[in-house]
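Morning, everyone. Please bring up the sequence and the model on your screens. I'll keep this short.

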Amino acid sequence: MSFIGRDMAVDLGTANTLVYVRGRGIVLNEPSVVAVNQDTGGILAVGLEAKKMIGRTPGNTERMLRYFIQKVHRRRYLAKPRIVVCVPSGITGVEQRAVKDAGYAAGARKVYIIEEPMAAAIGAGLPIHEPTGNMVVDIGGGTTEVAVISLGGIVTSLSIRVGGDELDQSIINWVKREFSLLLGERTAEEIKMAIGSAYPLQGENDAEIRGRDLATGLPKTIVVSAAEIRKALEEPVNAIINAVKSTLDKCPPELSSDLMDRGIVLTGGGALLKGLDERLRKETGMPIHIADRPLDAVVEGSGKCIEEFEALEKVLISEPRR
Ligand code: ADP
Ligand code: MG
């Protein structure tokens, strides 16, 4: 896989990293994981391979970025690409610098940064340049970002450190407390995807959970209902809903009525949690839409910035902010 000198966009998510190449679309989609040798500090594996080895240990941002860019771009060629990297909106100047350095080290001609809610909004097809207000909620693995966008800029935003990982952790904690059963992160995530929800739904199923009995140390299987898992998820789900509500409260009144009409678009893997849209509908009274491919929205939006560079250059950050 090599796209010589082609501009590219990278969504460096806390759970998944996606790379988009100009004229090609998404060419890479792998877990954001780096396996490092504890003794030498050398990289053992990145992405899918690393996840197989160590599970969900988050990686070193800079090395990961360099690896993924190099995987699709061969730096020995003269043509140097422009690279758009999507970062969480709360990122510090130091972190931005590290992202840029990694991009240049990987052979970029110019590295641009785009804030995640902006990328998500573009990817979800929202009319970001119009004077109307648009709200996007991107629920990733480690964070949830809520933002109101108007006239090509972020009017107000909120980032909380609650996302899909926290939902998995809540399942682990609940099963441990109620059943003295120890679950792995992957099992918890599977349960969340299979029967997890934020609102009661028609025809809910039970699930069998296999874990390790804390008392005996032996494998044990239990059966849990969708209602029980919904209860287990209550705290992080409430945190996400409260983030949306408080961003609505902070929104300038002249945009609030736009938002009431246009509603909220959900992106990121967490948008797929069953019943989250319905729950938000009930709690906010607003129309709620799930983006067509929520997991791809951010990289699609970043990719659109390189496809239509001149039209969208203004939403990119080319120098570190203070
Ligand atoms: P990031 O941008 O932080 O890398 P993603 O947008 O890739 O995150 O989303 C990853 C998160 O989405 C994970 O926590 C994953 O468990 C969750 N997720 C993916 N599919 C589903 C689903 N069908 N139901 C609930 N959560 C999901
Ligand atoms: Mg993301």
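I'll take a sheet, then a helix, then a ligand. Keep in mind that this is a predicted model.

Start with the sheet. How do its strands line up? The order is β10-β9-β8-β14-β15. That makes five strands in an open sheet, and the pairing is mixed. In general, strands of a sheet pair through backbone hydrogen bonds, parallel or antiparallel.

Now, which strands stand at the edges? They are β10, residues 153–160, and β15, residues 288–290. Each has a single partner strand, so one side of each has no neighbour in the sheet.

Zoom in on one pair. β9 covers residues 144–150. It pairs with β10 in the antiparallel sense, over seven bridges. Find Ile149, for example: its bridge partner in β10 is Ile154.

Next, the helix. α10 spans residues 276–284. It lies across β8, β14 and β15. Against β15, α10 runs at about 160°.

Last, ligand 1. Which residues come nearest to it? There are 17 residues around ligand 1, and the nearest are Thr14, Ala15, Asn16, Glu189 and Lys192. Look at Lys192: an N or O atom in its side chain is 2.6 Å from an oxygen atom of the ligand. For Gly141, a backbone N or O atom lies 2.9 Å from a ligand oxygen. For Gly269, the distance from a backbone N or O atom to a ligand oxygen is also 2.9 Å.

How much of ligand 1 does the protein cover? On its own, the ligand has 580 Å² of accessible area, and the protein covers 90% of that.

Terms used:
Residues are numbered from 1 along each chain as its sequence is written. Chains are lettered from A and ligands numbered from 1 in the order in which they are written. This is a predicted model: local features need pLDDT of at least 70, side-chain atom pairs count only at pLDDT 80 or more; totals for chains, interfaces and linings use all residues. Side-chain values use heavy atoms; hydrogens and water are left out. Two strands pair if DSSP finds at least two bridges between them. Helices (H or I, at least four residues) and strands (E, at least two) are DSSP runs, numbered from the N terminus. Contact means heavy atoms within 4.5 Å. Axes are lines fitted to C-alpha atoms, for helices over the stretch in contact, and angles run from 0 to 180 degrees between N-to-C directions. A residue is near a molecule or strand if one of its heavy atoms lies within 4 Å of it. A polar contact is a pair of N or O atoms within 3.5 Å; within protein, one must be able to donate a hydrogen and the other to accept it, and residues adjacent in sequence count only if both atoms are side-chain atoms. Accessible areas come from the Shrake-Rupley method with a 1.4 Å probe; for residues, only the protein chains shown count as cover.
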